Amino acid sequence: MIPLDHELARAWLATAVEEARAGLAEGGIPIGAALYSADGAVLGRGHNRRVQDDDPSAHGETDAFRAAGRQRSYRGTTMVTTLSPCWYCSGLVRQFGISRVVIGEARTFHGGHDWLAEHGVEIVLLDDPGCVAMMDEFIATRPQLWNEDIGV
């Protein structure tokens, strides 16, 4: 697994942010993700498609995971997401042995990343102001949809 410095983490996060913006432009929830290989190549990228596909399982991380296709092993891979992964997506990370998760922010939603860290997954929390602002605005303008997404 390649070492992750601040510059590379920000570059990878930019891919997830592009996906989040695409999802918002489609009328969906602005959460984006990308799965990177152990050598740093993007395997798949995606965004939350719950609204667009009428599919409650189509989270940003699962969309990126599906776009990556079947891999022999996920050891050494990195999931990059704009928002702390929910329990569903945290389970996906554990189930398939994804080694590292880069998180844009965890202020608007604190998912399962502490649990992942307790189980040996490397967590890189960037606390990105742009990710926070994007989610704050979405939650303020679409609270009903946000509450549906997080199960409230």
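I started with Arg94 and Trp115: the charged end of Arg94 sits over the ring of Trp115, 5.6 Å from the ring centre. I note here that the model is predicted.

Next I looked up the ring pairs. I have 6 aromatic pairs by the rule used. I looked at Phe65 and Phe96, whose ring centres are 4.8 Å apart.

I then checked burial. Phe65 has 12% relative accessibility and counts as buried, whereas Phe96, at 37%, counts as partly exposed.

Phe96 also pairs with Tyr74, and I recorded this pair as edge-to-face, with 5.6 Å centre to centre and 70 degrees between the planes. I placed Tyr74 in the loop between helix 3 and strand 3 (78-83), 22 residues from Phe96 in helix 4. Tyr74 is buried, with a relative accessible area of 9%. I therefore put it under the 20% limit. Ring pairs link Phe65, Tyr74 and Phe96 into a cluster.

Last, I turned to Asp54. Is Asp54 buried or exposed? I found a relative accessibility of 70%, so Asp54 counts as exposed. Asp54 lies in the loop between helix 2 (50-53) and helix 3 (60-68). I also took the C-alpha separation of Asp54 and Gln71, which is 27 Å for 17 residues along the chain.

Conventions. Residues are numbered from 1 along each chain as its sequence is written. This is a predicted model: local features need pLDDT of at least 70, side-chain atom pairs count only at pLDDT 80 or more; totals for chains, interfaces and linings use all residues. Side-chain values use heavy atoms; hydrogens and water are left out. Helices (H or I, at least four residues) and strands (E, at least two) are DSSP runs, numbered from the N terminus. Buried means under 20% relative accessible area, exposed over 50%, partly exposed in between (1.4 Å probe, protein chains only). Rings of Phe, Tyr and Trp (its six-membered ring) pair if their centres lie within 6.5 Å; planes under 30 degrees apart count as stacked, over 60 as edge-to-face and the rest as tilted. A charge sits over a ring if NZ of Lys or CZ of Arg is within 6 Å of the ring centre and within 35 degrees of the ring normal.
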